[in-house]
Amino acid sequence: MSERPEIGGPVESEAPFAARTVMSADDIRRALSRIAHEIDERTKGADVVLVGIATRGVPLATRLAAKLGEVQGRTVPVGELDITLHRDDLRLKPARPLLPTRLPEGGIDGTTVVLVDDVLFSGRTVRAALDALSELGRPQVVQLAVLVDRGHRELPIRADYVGKNLPTSLRESVRVRLAEVDGTDSVTLSGDPAGVGE
Amino acid sequence: MKRHLVSAGDLTHDDAVLVLDTAVQLAAIADRPVKKLPTLRGRTVVNLFFEDSTRTRISFEAAAKRLSADVINFAAKGSSVSKGESLKDTAMTLEAMGADAVVLRHHASGAPYQLANSGWISSVVINAGDGTHEHPTQALLDAFTMRRHLKNDTGDLSGLRVAIVGDVLHSRVARSNVLLLNTLGATPVLVAPPTLLPVGVESWPAEISYDLDSVLPTVDVVMMLRVQQERMQAAFFPSSAEYSRRYGLDRRRFELLPDHAIVMHPGPMNRGVEITADVADCDRSVIVEQVANGVAARMAVLYLLLGGSQPPTSEESA
C-alpha cells in the first residue's frame, strides 16, 4: 500500500538518493505503545476489536492488541482483512493472489473496530477496507490507526491514531518493514524529494 | 497463467495451486451474511450452453453473480442455433454484445479450443465441458475438495492415490482429472472394464486396472464416474446389473477403503448403478460438498482470468 508506481516514484534500487531511516525499531515500539494508550483513552472501555489490513497491518494489529490488552487487562480480539477484491485499481494490474480474511469469534457487530494499516497515503486502501468491513458486519464505530501518515490524500479520509506524521513528496516512497514479515523493524524513506535527480 | 481455460493441462503447478489458494479465500464468502463481492462489477459473463446441464451452469452463474458480474444465460434450445446458426455466428453475436468471458459447454470436443484460438472473439473462454474431451473446472473443484479433506487446504496433492472408476471412455471429467492430478503430484488410477477405456489410454500418465477390489485398499480417494448411457451407441457391457457387480461402489467395497479415504462423484449419480445409495449418503461421501466447492473454484477462475488487467503473471503468483 505504500507505493504507487503510476505516480512514477523511483524504485528503491534505482534511486539516486539512499534510503533514509525515519523510524527505528524503538520508535515503532514507542509509537505503538502510545497508540494503544490513546485507543484505551478514546474508546472509554467500549468493546474494541483490532482489524489489521493485509499485509503489514496484520502484525501491527497483533502488536497493538497485546499492548492494549496489557493496559486494559483483557484479551483484545484481532481480525485480519484482505481488501484485494474491493480495490478500485484491480483492472490496472494483473490479477493478484488473495490473502485470508478472518474475524474474531464474536464477529464485529456492535463493536468499536479499529482498522490498522502501516501507511496512510491516498486513502483508497482504507476506502476499500470500509467497504469490505460493511460486508462482514455492522460495527458501532470504525476508527483508523496507522503507523505512518505520509499525506497526499485522494479521498476524504483521516486517521484517528497516527504513529508518525511524515511529510513526503510524491516522488518519494515510504517503506515499512516489520519483523513478522521482513525480519526487521524499520520505516525508511527513499527517493528524490525535489525531483532534481531527473 | 494462460488467458483462457480450455484444458486442465493449460495450468502449471503454480497456476493450479494459485487457483486452489484463491478458492479457499473465496469459499469463506459462503459463510458470510452478504455473499457478494464487487470485484467483477461491470463485467459480463455469458454462459453459452449447447448441452443440457444443471449443476455446472448454475454453479458458474452463482460464481459470477457472487463476484457482481452480469450473467447472460444462453441455452441452444430455443435460440437461433436451432435455426442453424453456426458457433462462429453465435460467438460473434455475443462479442458484439460485449461479453468479457464466455463459459462454453458444447457437445463437440474441441469447440472451446476453436473459440479461443479462432480470433472470432476477444473475450476470455472458459471450457465448461466439451464432448468427451475435458472439463477443467470440475477437475479444479475435485482437487480443491481432495486438498480440503486430505491436505488441510495447503500446497498440492503430492503422494495421493486417486481411483477414477467407470466410464473413462466418455468422461471429460476423467481426462481433466488425470491431467490436473499429475500436475499436482497425485497418482490417478483408472479402473474400468476394457471396453470403457479409450484407445491409447496406456500412454496417459495414469495407472490402469480392471479390478476394483484390489485397487480400493491402496487409494486415498475414490471417484465414481457416471455411466453415460446417452453417449453410448454400442453395447459396452452386458447389463447394468453386471456392471454394478464388477465396478459399482457398494457397502462391501466401501469397507475395503482405508479409514481416511473419501468418496467422490461428479454427478449426476445413477444410484444403484455405479454407486449404491447408502455409500453415496454416508459421512465419508463428499458428493454434496463438491457442488458447494464448485462455486468457489469457479469464482477463483473467474477472478483470476477477469479480475485484473490480465491473468496473474508467474512473478505475481509466486
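Me: How many of the 198 residues of chain A count as buried, as a percentage?
Reply: In this predicted model, 39% of the 198 residues of chain A count as buried.

Me: And what's the figure for chain B?
Reply: For chain B, 49% of its 318 residues count as buried.

Me: OK, back to chain A. How many helices and strands does it have?
Reply: Chain A has four helices and eight strands.

Me: In what order do they come?
Reply: Starting at the N terminus, the elements of chain A go β-α-β-α-β-β-α-β-β-β-α-β.

Me: Let's look at α1(A) and α2(A). Which residues do they cover?
Reply: In chain A, helix α1 takes in residues 25–43, and helix α2 takes in residues 57–72.

Me: At what angle do they pack, and how far apart are the axes?
Reply: The angle is about 55 degrees, and the axes of the two helices of chain A are 9 Å apart.

Me: What do you call that, and why?
Reply: α1(A) and α2(A) are oblique to each other.

Me: Is the crossing left-handed or right-handed?
Reply: The crossing of α1(A) and α2(A) is right-handed.

Me: Which residues meet there?
Reply: From α1(A) you have L32(A), S33(A), I35(A), A36(A), H37(A), I39(A) and D40(A). On the α2(A) side they meet R63(A), L64(A), K67(A), L68(A), V71(A) and Q72(A).

Me: What is chain B built from?
Reply: Chain B has twelve helices and nine strands.

Me: How does its radius of gyration fit with a compact globule?
Reply: It agrees: a compact globule with 318 residues would have a radius of gyration near 20 Å, and chain B has 19 Å. As for the box its C-alpha atoms fill, that's roughly 55 × 45 × 40 Å along the principal axes.

Me: What share of the contacts in chain B joins residues 24 or more positions apart?
Reply: Counting contacts with a separation of 6 or more, 77% in chain B. In chain A, 71% of the contacts between residues at least 6 apart join residues at least 24 apart.

Key:
Residues are numbered from 1 along each chain as its sequence is written. Chains are lettered from A and ligands numbered from 1 in the order in which they are written. This is a predicted model: local features need pLDDT of at least 70, side-chain atom pairs count only at pLDDT 80 or more; totals for chains, interfaces and linings use all residues. Axes are lines fitted to C-alpha atoms, for helices over the stretch in contact, and angles run from 0 to 180 degrees between N-to-C directions. Angles under 35 degrees count as roughly parallel, over 145 as roughly antiparallel, 65 to 115 as roughly perpendicular and the rest as oblique. A crossing is left-handed if the near helix is turned anticlockwise from the far one by less than a right angle, and right-handed if clockwise. Two residues are in contact if their C-beta atoms, placed from the backbone, lie within 7 Å. The radius of gyration is taken over C-alpha atoms; the globule rule is 2.2 Å times the number of residues to the power 0.38. A residue is buried if 20 or more other C-beta atoms lie within 10 Å of its own, exposed if 12 or fewer, and partly exposed in between; C-beta atoms are placed from the backbone.
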